[in-house]
Every structure is written in C-alpha cells, then in structure tokens.
Amino acid sequence: MLALGLSPVCGGISVEGAIATGYPENDKRGRYIATWFTFRNFGNIIGGAVSLGLNHKVNHKGKVSYQTYWAFIAIQCLGLFFGLLLSNPEKVVRDDGTRIQAPRGINWKTEGKQMWTLIWSKPILLLTPLFWYYGWIQAYPGTYLTTYFTVRSRALGSFMSAVVGSCATWLGGSLVDIPWHKSRQVRAVATFTLIAACNSATWI
C-alpha cells in the first residue's frame, strides 16, 4: 500500500490511477483511491509542515525561504527508492484469490485507437467539466493566498488543506465502499452529490 501512493516516480499520474483502480477488488476501490490520495498528499503534508516550521515567524507577505525549497528537493529525491517497492501487476494476488489482467506488448496503434475511443466516450465527456474545474481550481487559491496572506498563514493553509483533503477523501471512499445501500451506483451518486455540495458551499 505504501508503494501504491508513491508510484508517481515510476510512471506518472495515468499509471497511478490505473494502479489505484485496477489492483483492488471492486468493493475496495474507494478506499484504495483514498489510500493513494493520502500517500500522494504526504508530499503536501510534509511540505506544509516543513514550510510552517521554517516560516512560522514570518508574519508578512512575500516569498518563502530558500531553506523551504531545499527541504522539498531533498524529500522528492527520496521518492525514487520508495517507488521501487511497487509490485508488478502479474505478481499481485488479491484477497479473493483473483489476479490482475494487465496484458503487455500491445501495439501502440491499437492502444492509441482505444484511447481515442475512450476520450470520446460518454462518461469521459460528462466528466470533462470536472477536469476543467480541477485544473482551474489549483491555480486560483495559490494566487489568492499569495496576494492577501502572509507567508506564515500560507504555510498553515498548505498544511491544513492537505490534512483535511486526505480526511475528506477517506470519507468519500468509505461512503462508496461501505454497503450502507445495496446499490454501489447509489452510494457513488450520493457521495458525488455530497462532494459537489461541499465544494459549492466553500465557494459561497
């Protein structure tokens, strides 16, 4: 599970998503995604804590100290070694005894054609506004915080957003996986509605 969250050093975000959804059984995917997000967020949690520790007395606007960036670079360099803990798909056996279907050696033309078909599929098109929103939302808070808040308060915001985000992801993953309703689709829609309501309330 540790390597699951640290897999970005091995292949990028697309591989992370494939591992988080492909390795677990269907009824554990929500919690696996939450685990992946939590480990991914470790960088933000550690980085936020380091930044807050180094800048807790900087009660004015401006840039963070160079020591903050040195600490970030050192932490990132350690990621490669943890990524080596990730198991190859053919070696993974799920708790129910099943194995992962991950064929290798697919022709790049065949894979490209399948990806093109997937991009224009209904589920992806319906999710496109959410992709756009997520890309936009990452830039706006940083600009807002830099303009109106001190270095110390920005460091605190960075740390707390990672902590609260991890907790919220675990809540969402659990609501999808725990059988409080017999239909997984109902649980997923209800969780999505809750997330959308919280996002809307935050902006309001």
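This is a predicted model: local features need pLDDT of at least 70, side-chain atom pairs count only at pLDDT 80 or more; totals for chains, interfaces and linings use all residues.
Visitor: Which secondary structure elements make up the chain?
Guide: The chain has nine helices and zero strands. Read from the N terminus, the order is α-α-α-α-α-α-α-α-α.

Visitor: Where does UniProt list a transmembrane region?
Guide: The unreviewed UniProt entry gives residues 33-54 and 66-86 under that heading. In the model, residues 33-54 are 100% helix and 0% strand, and the C-alpha atoms at the ends of that span are 31 Å apart.

Visitor: How many of the residues count as buried?
Guide: The share is 23% of the 204 residues. The chain has an accessible surface of about 14,200 Å², and carbon and sulfur atoms account for 69% of that. Among contacts with a separation of 6 or more, 66% join residues 24 or more positions apart.

Visitor: How many aromatic pairs are there, and how is their geometry read?
Guide: The structure holds three pairs. In one of them, Trp-116 and Trp-120 have ring centres 5.8 Å apart and planes at 65 degrees, so this pair is edge-to-face. Both tryptophans are exposed.

Visitor: Why is the pair of Tyr-144 and Tyr-148 called tilted?
Guide: Their planes meet at 50 degrees, so the pair is tilted; the ring centres are 5.3 Å apart. Both residues belong to helix α7 (residues 122-148), where four residues, about one turn of the helix, separate them. Tyr-144 is partly exposed, at 39% relative accessible area, while Tyr-148 is exposed, at 56%. Together with Phe-149, Tyr-144 and Tyr-148 form one aromatic cluster.

Technical notes. Residues are numbered from 1 along each chain as its sequence is written. Side-chain values use heavy atoms; hydrogens and water are left out. UniProt positions are given in the numbering used here, feature names are shortened, and annotations may be inferred rather than shown by experiment. Helices (H or I, at least four residues) and strands (E, at least two) are DSSP runs, numbered from the N terminus. Buried means under 20% relative accessible area, exposed over 50%, partly exposed in between (1.4 Å probe, protein chains only). Contact means heavy atoms within 4.5 Å. Accessible areas come from the Shrake-Rupley method with a 1.4 Å probe; for residues, only the protein chains shown count as cover. Rings of Phe, Tyr and Trp (its six-membered ring) pair if their centres lie within 6.5 Å; planes under 30 degrees apart count as stacked, over 60 as edge-to-face and the rest as tilted.
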